[in-house]
Amino acid sequence: MKMFLKRRHLEILREMRNTESQAEIEAKLPDEFQLRAIELYILGFAELEGGKIKLTDAGRRLLELTDGLNLDELPDVIADSEIIKMLELLEETGWVPEKWLEVLRERKLADENGLTDFGKGLLGVYRTTHPVVYLTPEIVSFLKGMPKLGVLDELITFKNSKLYGDNIVNALQAMRLLMISPPTERGRAFTITPAAKQALKALSMMPVFARAIVLRKEDFEALKAGRGSAELESMGLSNEKGTTEFGRAIMETYEAIGKVEEKVLPIYLLDDELSVLKAIEEIEKKHETNPEILPTEKEIARRAEVEDVGAILHLLESKELVERKLVKNRDTYWLTSWGREAVNFGTVSPDAMKAVTYADSGDVPIAEWVLKAQEEGLVKAGVTDKGRFYLRLSRTIRRKLFLTKYDVAILAKLPRRKYIHRDELVRLVGDYIGGDEREVIRAIGEAEAKGFVVELQNGMVKLTGLGERVKTALENAKLQEIVRVKFSVTPTLYNVLRVIYENLEAFNRIWKEKGEVRDYKMEEVDVIRKHLSLSDEEIKKALTMLRQLGFLGSKSLTEAGKVLVEAYL
């Protein structure tokens, strides 16, 4: 959803009302006319043919939209990818920082009431306009050589060192192959989009690239229908048999332009989690030669210098980095194949991962996230092996429920279907349960990695669908009890609850029998044991806890318990 629009583009569009002759308009507006005309063509606002420049429907809409504006009052650049991002965030959340608002006001895109009609109209035009694929040898060599994700200074240094002009960066933004973020305290970030990755894949099929590749909507439709033309053949997009492999790859580039996919939740792995993984790895090696040595919580605690091994084991289980098994009637924890790889790659924070997950989905991360990703070895001129591993992990695993008291406070204090600023959320959580500000900020990142909240580039936070369902479950349970517990719902607790949910008939029979149920009944333990690799002791603890927190009644599964299980089905 990005683009590039200058005041000069609008001046040319206005002249096009009077004449279609490129020469006539160029005589009136000689400065960079050829460049701007090509950009209008790429943007999908004009058609260029045989010395003529004609308005497209999108061009006419843009012209009508800007009719009432005094162009002399507007800055040179009216909209580029960072300005469009500001507009999207203002529309989505109702708030952007004052500095961004100034930029939008200067361009008549926003005022004290939010987006102006021009701002709304401009967003509408770009959401319904598809750029042309226009790849010249110069654009291609820039795209191949440039860093693919980083802070803007790195892109500018590359551009200047290779003596490229600004027009290349403009053209890539116009084609929605390059995105630049709005400025934050640490500067601006940039990323190529999934469409650019697709273009690079297509271009790798062409060893020598001697002429421009141009694909408009009508060319795309012709290729789709298997119709060729001399022009398409000369670009290598079709031949006598129909669309070539290269042609299909360029069509995929065209289709990917402007697409934003759903973001993958950013995974994280902190120092104490890595210590526990390493301790398990060490115990597993000893177990090979001495089967009596098992990775029990006690054994792991002996080797990992961390405060609360129990909590960390639950957290690692929730990310599928360890699995819990009953071995020789003892509860043990073993590394999964993901866990083994994570030991090799080391720690990663949610913010660093957001640089990778945003870029991967076709959105632009902010400079803070990118710098963190560089610091943690996820990004170096592009995504590294470590970044790719954690992206794959983030995309593949099925996260299990693990709630800390911070998660509970965040869910309790966030309103439904409404954004609030992170600073405000930090204050609300601090007032509710205390805690150091840094701890709360870290917890918000972790709540995002668990899929409960989303934090956007402007610092606005909102509950996700999953967050809203878990919030409902907590409100229906004993919230005041839950928020007092350091970690209330663990993967083990959730698994026990799910067994009850899935075998409700058997449990209803047990509950109907005479005899008081306080914390648990042995018959309940017997049913759960058949489904989970847990010791009786752990099952009894889980049943007691579920009743104390209100997810299980003395003789029923509560509404809160039902909602919680269903949130993860």
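**Close-up views of charged side chains and a helix pair**

**View 1. Arg427 and Glu424 sit 3 residues apart in helix 23 (residues 422-433), so about one helical turn separates them.** Helices here are DSSP runs of H or I with at least four residues, numbered from the N terminus. This is a predicted model, in which local features need pLDDT of at least 70, side-chain atom pairs count only at pLDDT 80 or more, and totals for chains, interfaces and linings use all residues. Residues are numbered from 1 along each chain as its sequence is written, and side-chain values use heavy atoms, leaving out hydrogens and water. The two side chains meet in a salt bridge at 3.2 Å, N to O (a side-chain nitrogen of Lys or Arg within 4 Å of a carboxyl oxygen of Asp or Glu). Arg427 is partly exposed at 43% relative accessibility (buried is under 20% relative accessible area, exposed over 50%, partly exposed in between, with a 1.4 Å probe and protein chains only). Glu424 is partly exposed too, at 32%.

**View 2. Here Arg8 pairs with Asp31 in a salt bridge, with the closest N and O atoms 3.7 Å apart.** The pair links distant parts of the chain, 23 residues apart: Arg8 belongs to helix 1 (residues 7-15), and Asp31 to the loop between helix 2 (22-28) and helix 3 (33-43). Arg8 counts as buried, at 19% relative accessibility.

View 3. Lys540 is buried but has no salt bridge, and Glu537, the nearest side chain of opposite charge, is 4.3 Å away (Lys and Arg count as positive, Asp and Glu as negative; His and the chain ends are not counted).

Methods: Helix = DSSP H or I, 4+ residues; strand = E, 2+ residues; numbered from the N terminus.
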